[in-house]
Amino acid sequence: MAMSSVRDAYEQAIGFYNAGDMDGLANSYTEDAVWVSPDGTAQGRAAIRERWSQEKAAFPDRAVTIDLIVEQGDTLAAELTWTGTNTGPLVLPDGTELPPTGKRVENRAMDLVQVRGGKAAMQHQYWDNMVFARQLGLVP
């Protein structure tokens, strides 16, 4: 796979994410994709779609800006800035649902994505959950 196609696949997926297009976003993953984050692991396209749908419900205006992309073969690393306003229920990793805080969050994150056949087969995301929780007012 040409390097630019790995980047193109990723940038297209970010476009779906920012547009709130859950079908487009879900289809940017392979059927057996694995997504790993500080909030846990989602296995398979359906589980990943559910995770992104919950996030969209909690932060309808959420958006990602790509700050930097580094590519190596079929793998890409990206540094991101994530922003969103918590105007919907927030589902915690343990299933607890919190009412909206109304607060705006900005957080830096990293993505490590392996692309197979133009779709994400593996995605590891890294961010600081304490920064996130502090900005939401969930911890002092």
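**Strands, helices and salt bridges**

Mentor: Val 34 stands opposite Met 122 in E8. Keep in mind that this is a predicted model.

Trainee: OK. In what sense do strands E1 and E8 pair, and over how many bridges?

Mentor: Parallel, over four bridges. E1 covers residues 29-37 and E8 covers residues 119-127.

Trainee: What holds strands together in general?

Mentor: Backbone hydrogen bonds, in either a parallel or an antiparallel arrangement.

Trainee: Now the whole sheet. What is the strand order?

Mentor: E2-E1-E8-E7-E4-E3. That is an open sheet of six strands with mixed pairing. Strand E2 (40-43) and strand E3 (63-72) are the edges, each pairing on one side only. From one strand to the next, the twist averages 15°.

Trainee: And E7 with E8, parallel or antiparallel?

Mentor: Antiparallel, over eight bridges. The two strands make a hairpin with two residues between them. Gly 117 sits in that turn and has a positive phi of about 60°.

Trainee: Which residue in E8 is the bridge partner of Leu 112?

Mentor: His 124. Leu 112 also belongs to a nonpolar surface patch, together with Met 110 and Tyr 126.

Trainee: How much accessible area does that patch have?

Mentor: About 270 Å² for the three residues together. Met 110 is in strand E7, which spans residues 104-116. Met 110 counts as partly exposed because its relative accessibility is 36%.

Trainee: What does Asn 107 touch, sequence neighbours within four places aside?

Mentor: Leu 80, Thr 81, Trp 82, Trp 127, Asp 128, Val 131 and Phe 132.

Trainee: And where is Ala 121 relative to Asn 107?

Mentor: Their C-alpha atoms are separated by 25 Å. Along the chain, Asn 107 and Ala 121 are 14 residues apart.

Trainee: Switching to helices. Which strands does helix H4 lie across?

Mentor: E4, E7 and E8. Helix H4 is residues 129-136 and runs at about 145° to E7.

Trainee: What about helix H3?

Mentor: Helix H3, residues 45-58, lies across E1, E2, strand E4 (75-85) and E8. Its angle to E1 is about 55°.

Trainee: Next topic, charges. How many salt bridges does the count come to?

Mentor: The count comes to 11, with a cut-off of 4 Å from nitrogen to carboxyl oxygen. One of them joins Arg 49 and Asp 23, with the closest N and O atoms 2.5 Å apart. Arg 49 is in helix H3 and Asp 23 in helix H2 (residues 22-26), so the pair ties together parts 26 residues apart in sequence.

Trainee: How accessible are Arg 49 and Asp 23?

Mentor: Arg 49 is partly exposed, with a relative accessible area of 31%. Asp 23 is partly exposed as well, at 48%.

Trainee: What is the N to O distance for Arg 7 and Glu 71?

Mentor: 3.8 Å, in a salt bridge between their side chains. Arg 7 lies in helix H1 (residues 3-19) and Glu 71 in strand E3, so this pair ties together parts that are 64 residues apart in sequence. Arg 7 is partly exposed at 31% relative accessible area. Glu 71 is partly exposed at 22%.

Trainee: Last one. Which residues are linked in a network of salt bridges?

Mentor: Asp 39, Arg 51, Glu 55 and Arg 62.

How values were computed. Residues are numbered from 1 along each chain as its sequence is written. This is a predicted model: local features need pLDDT of at least 70, side-chain atom pairs count only at pLDDT 80 or more; totals for chains, interfaces and linings use all residues. Side-chain values use heavy atoms; hydrogens and water are left out. Patches are made of residues with over 30% relative accessible area and no salt bridge: like charges are joined within 9 Å, nonpolar side chains (Val, Leu, Ile, Met, Phe, Trp, Tyr) within 5 Å. Accessible areas come from the Shrake-Rupley method with a 1.4 Å probe; for residues, only the protein chains shown count as cover. Buried means under 20% relative accessible area, exposed over 50%, partly exposed in between (1.4 Å probe, protein chains only). Two strands pair if DSSP finds at least two bridges between them. Axes are lines fitted to C-alpha atoms, for helices over the stretch in contact, and angles run from 0 to 180 degrees between N-to-C directions. Contact means heavy atoms within 4.5 Å.
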